[in-house]
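Biologist: Could you take me through one spot in this model up close? Start with the overall picture, then zoom in on a single residue and tell me what surrounds it.

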Amino acid sequence: MSKVPIREGLFTQRTEGELIGFRCKSCGHILPPLTITCLSCNSDDLQSIPLSGKGTLYSYTINYMNSGFMKAPYAGGLVKLSEGFWIYSVLKEKEGKPFVIGMNMELVVEALWEKDGNEVIGHKFQPVA
Ligand SMILES: [Zn+2]
């Protein structure tokens, strides 16, 4: 089964590695993946950088209805990355580590679902061991 990224340009190694963020060359602001212009100064002179993949759980919910290709139940939430912004993500359970607001989270890059015989690769966050 082939792996395809949910979006091109999201990860440093197409279907693995780190999320790609941006540093504004004009004002130095660090920006989320897939950003086109700086959210602080509106410059489009951005340099891609790997993000830390580390953050804390800001909020979450358990979804009991399918959403797109995601099969319920699944957890989703906002993770505040160490770079200072929030990112919405599917959350991956870790045995013995129930979700708690403020807990440390880390990036996992893996299949979200299968489509047309491919594994569709995206980002998830899970509690740090
Ligand atoms: Zn800027």
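**From the whole chain to one lysine**

Modeller: Reading along the sequence, the pattern of the protein chain is β-β-β-β-β-β-β-β-β. Its radius of gyration is 15 Å, close to the 14 Å the globule rule gives for 129 residues, so the chain is as compact as a globular protein of that length. Keep in mind that this is a predicted model. In total we have nine strands and zero helices, and the C-alpha trace spans about 45 × 35 × 25 Å along its principal axes. Buried residues come to 19% of the 129. Of the contacts with a separation of 6 or more, 45% link residues 24 or more positions apart.

Once you set aside the neighbours within four places in sequence, lysine 80 is in contact with Gly55, Thr56, Tyr58 and Trp86. Take tyrosine 58 from that list: it is 22 residues from lysine 80 in sequence, yet their C-alpha atoms are 6.1 Å apart.

Elsewhere in the chain, there's an open, antiparallel sheet of three strands, ordered β3-β2-β4. Its edges are β3 (30–31) and β4 (46–50), each pairing on one side only. Strand β2, residues 20–24, pairs with β3 in the antiparallel sense over two bridges, and phenylalanine 22 has leucine 31 in β3 as its bridge partner.

Technical notes:
Residues numbered from 1 in each chain as written. Predicted model: local features only at pLDDT ≥ 70, side-chain atom pairs only at ≥ 80, totals over all residues. Pairing = 2+ DSSP bridges. Helix = DSSP H or I, 4+ residues; strand = E, 2+ residues; numbered from the N terminus. Contact = placed C-beta atoms within 7 Å. Rg over C-alpha atoms; globule rule 2.2 N^0.38 Å. Buried ≥ 20, exposed ≤ 12 C-beta atoms within 10 Å, placed from the backbone.
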